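Here are my notes on the model you sent. Please read them with the structure open.

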Amino acid sequence: MESLGQEEAKGPVLHIVVVGFHHKRGCQVEFSYPPLIPAEGHDSNNLPEKWKYLPFLALPDGAHNYQEDTVYFHLPPLSEEMKCVYGVSCYRQIEAKALKVRQADVTRETVQKSVCVLSRVPLYGLIQAKLQLITHAYFEEKDFSQISILKELYDHMNGSLRGTTLEGSQVYLGLSPRDLILHFKHKILILFKLVLLEKKVLFYVSPVHRLVGTLMTVLSLFPGMIDHGLVDSSHYTCKSSVSETSDSPDPAKVVPTAGEQQRKTDCKTSIADATEDESCAFDHSETHESHASGSPLSHPQPHPPSHTSPDSSESDWETLDPSVLEPGERTDGTVKSLDTESSEPITVQPKSAADQGQLIQGLVSGLEEDQYGLPLAIFTKGYLCLPYMALQQHHLLSDVKVRGFVAGATNILFRQQRHLSDAVVDVEEAHIHVDDPELRRILGLSTADLRFTDFLIKHVTENREDVFLDGTGWEGGDEWIRAQFTLYLHSLLASTLQQDNEKLLADYGSAFISAWKITHNYRVWFSNKHPAMAEITPGHPFQGQYSVADVKLRLSHSVQNSERGKKLGNAVMTTSRSVVQTGKAVGQSVGGVFTNAKSAMSSWFSTLAPPPSDQSTFRLYSKQTVTSSCLIHTVHQDSSSHLWFWMVYCIFMITA
């Protein structure tokens, strides 16, 4: 451990590691510099107990299906002085016959290896860019015994990254909120709220680089989160150690108490009896899992975990003074009022690092915070961030010491066991599957939220082509999007500090606010004073009176994202196609029918009406005659208008 402490003092990179796939032993470490265990050599296969999952993280499941891939992963610290260890791995495979030097243990047609960098700084994209070049050169040697290039990589990265300031341009390299919004659209705000609520969120997609990119881009929307908010995000215990097996029970074999059985029974009943919410704000499965996790939050109360142990990281996460939950008077200073009648959105301009003030150590969170108390203490006290989870880490989903997680997986087994997660995000389909009806209600977007997401989508789509070519504009760009979410979070926090703030908070969703106020991150933030919040205008950035545009937005949102709305949309599309096909067939077989019908209808209306004695009566009959003629003529020209013809004609006759 002392040697490792000395290595930390040298630079941000701890180790360069090569992981390979052995035909008998599976994934294993083949080289490490400096050695992972100081007393052993560079070619030792042994690992520290806390890093036993390293080979499976660096060489992901299903890697053989891709020529190359990139993985971000987190490892737990080896000592109390250390924080989260950030791993970046570049995987490649090469045909064995192409090797210049073929070692005796190479018995398969392809050779699969990953080159990893274990770092103390979360510079995922920057490290990836350098590591990909070195990995390519390492494989081009076609002789994996040539390790000098890896030692040079270690020295170069420690020299170039030493003293590097964690700023947005480097931290967010390779993370694009623009692409995320174009893919998830308004659901991006649902993902944002899921993390705020500290729920168990599982991302699922292949290959791994797409998975970790999506997950980390979501976290980049939280101000300061990647920079300083993940230092405690990987404090978990590896399974299968003898001491752990004897001290703490296997979660899969724990016999629940009578109270827990009752809670599970209530949950099953509430989910089984729940009806579909037509205005649901996101996609969810049609068939609910009978054993979905989570209890209804209609009367949310903070409660300790069901199982505790002396060394549990969760046993003290609810130890804050209950008085901090009281919304009493605060001495942060007066906060600006906002005209609630105004419907003009508030936009934000970028701030330099100097304007944001220096970071200070949070008294309760232990994180480096800015003057607004950000980043929020989300990934602390047993709430994990695992950009990629190996199958060997599956037990963490049900570990009693883990109160929640934001994790990514490519193995189908994670997706199938949805009862272990509150939300499963299918990145490929841009669907968020939530089985708990109460949580779906909490996550429902308000009208102001829909305005906010619609504002983002319009700016991203309208400026999609020229946003980076126009040197004077930045709207719709990645930094602009992060600035909007920073404004959203600042306004949300400022609104919670106001007296009689029910109306202000209602724009964020009353159910969401009630659930968020009992989370660990909100209680930690609220327990401290943040004088800079006095500069923030409270209230939703897109609050205001309802309009016709809001009705259209809500209707579009409901139709596109509720199960019933989807079925209705599909039915309309199917009917339209059938009408078009039928109309074409009928039009071909009875070509002159519509022309005759038009003449007959016009003649009938003209003969039916007596000579007008009143000007208004004349206009009425003329209106009917002209409209009928026009409608029939339109149907004759375009047979796809049959359905619309009958609908419009019936409405006209009723209103006339």
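Predicted model: local features only at pLDDT ≥ 70, side-chain atom pairs only at ≥ 80, totals over all residues.

How many of the eleven residues of β4 are buried? Ten of them are, and β4 is mostly covered.

1. The protein averages a pLDDT of 75. A score of at least 70 is reached by 62% of the residues. Keep that in mind when reading any one region.

2. Over residues 1-8, pLDDT stays under 50. The model has ten contacts for that stretch beyond four places in sequence. Residues 607-656 also stay under 50 in pLDDT. There the model has 44 contacts beyond four places in sequence.

3. The sheet. Five strands form an open sheet in the order β2-β1-β5-β4-β3, and the pairing is antiparallel. The edges are β2 (26-33) and β3 (68-75). Each has a single partner strand, so one side of each is left without a neighbour in the sheet. Neighbouring strands are turned against each other by 25 degrees on average, direction ignored. Strands of a sheet pair through backbone hydrogen bonds.

4. Pairings of β4. On one side, β4 (residues 85-95) pairs with β5 (residues 110-119) over ten bridges, in the antiparallel sense. Cys90 has Val115 of β5 as its bridge partner. Gln93 stands opposite Gln112, also in β5. Strand β4 is joined to β3 as well, by eight bridges, and these two run antiparallel. In that pairing, His74 has Tyr86 of β4 as its bridge partner.

5. Helices on the sheet. Which strands does helix α3 touch? Helix α3 (residues 124-140) packs on the sheet and touches β1 (13-22), β3, β4 and β5. The direction of α3 makes about 30 degrees with that of β4. Helix α4 (residues 148-161) packs on the sheet too, touching β1, β2 and β5. The direction of α4 makes about 145 degrees with that of β1.

6. Gly26. This glycine sits in strand β2. Is Gly26 buried or exposed? Gly26 is buried, because its relative accessible area is 17% and the cut-off for buried is under 20%. Leaving aside neighbours within four places in sequence, Gly26 is in contact with Gly20 and Phe21. Pro55 is 29 residues from Gly26 in sequence, and the two C-alpha atoms are 9.1 Å apart in space.

7. Helix α7. Why is α7 (residues 187-196) described as largely enclosed by the rest of the structure? Because ten of its ten residues are buried. Two lysines, Lys187 and Lys193, are among the buried residues. Others include Ile188, Leu191, Phe192 and Val195. Just after α7, Glu198 takes a positive phi of about 60 degrees.

8. Ser491. This serine lies in helix α15 (residues 478-496). Ser491 counts as buried, at 1% relative accessibility. Which residues does Ser491 touch, not counting those up to four places away in sequence? They are Tyr508, Ile536, Thr537, Pro538, Gly539 and Pro541.

9. To recap. Strand β4 has ten of its eleven residues buried. Its bridges number ten with β5 and eight with β3. Helix α3 touches β4 as well.

How values were computed
Residues numbered from 1 in each chain as written. Heavy atoms only, no water. Pairing = 2+ DSSP bridges. Helix = DSSP H or I, 4+ residues; strand = E, 2+ residues; numbered from the N terminus. Axes fitted to C-alpha atoms, helices over the stretch in contact; angles between N-to-C directions. Contact = heavy atoms within 4.5 Å. pLDDT = per-residue confidence, 0-100. Buried < 20%, exposed > 50% of the residue type's maximum accessible area, 1.4 Å probe, protein only.
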